[in-house]
Amino acid sequence: VPLLPLLLFFLLSLPMLFFFTYAQVAALSFARLGLSPAGAFLLFALSLLGSGINLPLRRQQVPVDPPLVPPITFFWLFPMVQPPRVAERVLAVNVGGAVIPTLFSLYLLGAGRAPWLPVLIATLLVAAIAKALARPLPGRGIVLPAFIPPLAAAVIALLVAPPGSRAPVAYIAGTLGTLVGADLLNLKALDRMGPGMLSIGGAGVFDGIFLVGVLAAFLA
């Protein structure tokens, strides 16, 4: 059998293999939160599809420097002031990275699957860690190391939560703590950025929030 076609087939199938492996880990993690296999896959699919949906919250016109052309003169005598060049900055909320994780966390709390006090303690600790690690980058939004918050959420849940509720506590603390610490506590930094789409729960934070939810529930 020629090796080149097999090598090409292997390389082309790697993204699909990675996707199915990732989906399987996500389904196992969500199943530990009490979901059925169909519900776990639905939550995974909605989070993935929702990552491409941003709901605008606020639009602003911000100046863009330097101007396109230098100031011009009228008849070489009277300087004409060139108005500043502006562009739009949109603050939005990402469906897959903020709305769905928040709604599911509220569902877990309302269903009594996670005690409030351990959730509060763990969420505050994860938020402090996410705040310390998050970095606002112009043109990208908030970036966050993806694997540290889920590990922190899992370890904290193991320490503060009762044995039967560690996975829900890890998921809630990981998702809400990352969302609060990385995005909500950096809203002032977002306001200082240039034009473009700035999404709460989007950009680099979506990776952190989604991995937090999956890995924290899997590890706890």
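The legends below describe close-up views of a predicted model.

Local features are given only where pLDDT is at least 70 and side-chain atom pairs only at pLDDT 80 or more, while totals for chains, interfaces and linings use all residues. Residues are numbered from 1 along each chain as its sequence is written, and side-chain values use heavy atoms, with hydrogens and water left out.

**View 1. Crossing of helices H3 and H6.** The axes of H3 (residues 95-110) and H6 (residues 166-183) come within 10 Å and cross at roughly 145°. Axes are lines fitted to C-alpha atoms, for helices over the stretch in contact, with angles from 0 to 180 degrees between N-to-C directions; helices are DSSP runs (H or I, at least four residues) numbered from the N terminus. The crossing is left-handed, meaning that the near helix is turned anticlockwise from the far one by less than a right angle. Residues in the contact (heavy atoms within 4.5 Å) include Gly 97, Pro 101 and Leu 108 of H3 and Pro 168, Thr 175 and Leu 179 of H6. By class, this contact has 10 nonpolar, four polar and no charged residues. Ala, Val, Leu, Ile, Met, Phe, Trp, Tyr, Cys and Pro count as nonpolar, Asp, Glu, Lys and Arg as charged, and the others, Gly among them, as polar.

**View 2. Ser 105 in helix H3.** Ser 105 lies in H3 and counts as buried because its relative accessibility is 0%. Buried means under 20% relative accessible area, exposed over 50%, and partly exposed in between (1.4 Å probe, protein chains only). Not counting residues up to four places away in sequence, Ser 105 touches Tyr 171, Ile 172, Thr 175 and Leu 176.

**View 3. Aromatic cluster of Phe 104, Tyr 107 and Tyr 171.** These three residues form one aromatic cluster. Rings of Phe, Tyr and Trp (its six-membered ring) pair if their centres lie within 6.5 Å; planes under 30 degrees apart count as stacked, over 60 as edge-to-face and the rest as tilted. The count comes to two aromatic pairs. Phe 104 and Tyr 107 are stacked, because their ring centres are 5.9 Å apart and their planes lie at 20°. Both lie in H3, three residues apart, about one turn of the helix. Tyr 107 is partly exposed, at 39% relative accessibility, and Phe 104 is buried, at 8%. Phe 104 also forms an edge-to-face pair with Tyr 171, with 5.2 Å centre to centre and 80° between the planes. This pair joins H3 to H6 across 67 residues.

**View 4. The loop at Leu 33.** Leu 33 sits in the loop between helix H1 (3-31) and helix H2 (37-50). At 2% relative accessibility, Leu 33 is buried. The C-alpha atoms of Leu 33 and Arg 166 are separated by 9.4 Å, although the two residues are 133 apart along the chain.

Technical notes
Helices (H or I, at least four residues) and strands (E, at least two) are DSSP runs, numbered from the N terminus.
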